[in-house]
Amino acid sequence: MSDEGYRSARPHNRDDLVEVSLDQAHAPDKVLAHEDLVRKFVNGETFRPIHMRIGIMGACNMRCNFCNFHSPNEENFYDLFSFKDAIPTDKSVKLMREFAESGGRAVTFCGSGECTIHRGYPEICAAGHEAGLRIGLITNGSRLHRREIADCVINTHTWVRVGLNAGTEATFNEITHDKERTFRTFLTAVGHLREKAVDPEFRIGFNFVITQQNYREIVQAARAVADSGAHYVRFEPEFYSALGHETIDEVMAEVSASLAEAAALSSEEFEVSVPKLDRGPMDQVDDVEGDFEHCHYSRFVTAVGADGHLYPCPQVHLNSRYRIGNVLEDGYLPVLEGGPRAEWESSNPRRTDLCKSCFYRPQNELLEWLRRGRVKIDDALAGYRVEVPRTLHADFV
């Protein structure tokens, strides 16, 4: 199969919907930037994950209506979630160093909670950066205007993605139940961070989760983000509740038209990321989405929850079915390469028993097709090199 094979693994919408157009930072095929690892994968050789997704807090200072950790539609999925969980600063620092020493290259701080409210966040990031890790942050943005967090981002971060989720302050407050006037501050903080950031590849943008409360503000939000000085705005469907379950088709045409209008704002300086819209819920479906049988993405990326346990990927972290081992008590490498993960790998069933609507479906399909030989590895690598001469944030696969 030609390089068209790996292109076909990319997400796409049905013909009557807006075309999927992802920004550079979220390209699902950037695993092809790591030829050595991909060849090892195809040959069945072992290697360690290069990207860690970690939540150091269970607590959050917002309570978004669509939050997957509080959604009644997924209340059984994150059965280990607790807002009381937090990884202490000293143990977080130790984990950063262990991960770097094991070949880790990048860390993304993300949910279940809001990592920037952790008192040790600047110290943890400084330690990770000093160890040679590149740092990314997914945040609600409520702390970006505070000097200690702004300085931390400026000096140690490669990228930041901020939750926007509305085009007006009133809708933002209704959705997030924010009490800190965040909407007013993060739209002005972004330009400052972009201007001052040390990393030459620094990018900052906004993420907009499309819900029944905000879908009429898609274009308004895109314009606000463009004016803020951000690099991009990324839209995604809510697939934990509301639009992601049975109600999305009722407004799909209007959502699609708004996204097409927002996409017209794209320029060389500003990207608008348009998502796959008809994505199903994680485990409340009978059909298994995607042409792959096993989770391959977890070979390249690993996840640590605020409970200190290792999980295969961030979508399934804090679910008891996927808990592998406690990296705080037993150490990162002993869990990764010792009994706990090996046991999980050996018993890892086909996806009919796992989450059925995989968030990382494009990555997993591409890897499975490479493994099967449906996509020839040399063709895929050559095609990728031509199409993407330089991969943005390659280590954040």
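Two strands are taken to pair if DSSP finds at least two bridges between them, and the elements themselves are DSSP runs numbered from the N terminus, helices (H or I) having at least four residues and strands (E) at least two. This is a predicted model, in which local features need pLDDT of at least 70 and side-chain atom pairs count only at pLDDT 80 or more, while totals for chains, interfaces and linings use all residues. Residues are numbered from 1 along each chain as its sequence is written, and side-chain values use heavy atoms, with hydrogens and water left out.

**The sheet**

- An open sheet with mixed pairing is formed by 10 strands in the order S7-S6-S5-S4-S3-S2-S1-S8-S9-S10.
- Strand S7 (271-273) and strand S10 (325-326) are at the edges with a single partner strand each, so one side of each has no neighbour in the sheet.
- Strand S5 (residues 203-210) pairs with strand S6 (residues 232-237) in the parallel sense over 6 bridges, and Gly 205 has Tyr 232 of S6 as its bridge partner.

**Helices across the strands**

- Helix H4 lies across strand S2 (106-109), strand S3 (134-139) and strand S4 (157-163), and runs at about 150° to S3; axes here are lines fitted to C-alpha atoms, for helices over the stretch in contact, and angles run from 0 to 180 degrees between N-to-C directions.
- Helix H7 (residues 182-196) lies across S4 and S5, and runs at about 150° to S5.

**Packing of H3 and H4**

- Helix H3 (residues 89-101) packs with helix H4 (residues 121-130) at an angle of about 15°, their axes being 9 Å apart, which makes H3 roughly parallel to H4 (angles under 35 degrees count as such).
- The contact (heavy atoms within 4.5 Å) is made by Thr 89, Ser 92, Val 93, Met 96 and Arg 97 of H3 together with Glu 123, Ile 124, Ala 127 and Gly 128 of H4.

**Two buried residues**

- Ser 258, which lies in helix H9 (residues 248-263), counts as buried at 14% relative accessibility, where buried means under 20% relative accessible area (1.4 Å probe, protein chains only).
- With neighbours within four places in sequence left aside, Ser 258 is in contact with Tyr 215, Ile 218 and Val 219.
- Ala 380 is placed in helix H14 (residues 377-387) and, at 0% relative accessibility, counts as buried.
- The C-alpha atoms of Ala 380 and Leu 366 are separated by 9.6 Å, the two residues being 14 residues apart along the chain.

Technical notes
Angles under 35 degrees count as roughly parallel, over 145 as roughly antiparallel, 65 to 115 as roughly perpendicular and the rest as oblique. Buried means under 20% relative accessible area, exposed over 50%, partly exposed in between (1.4 Å probe, protein chains only).
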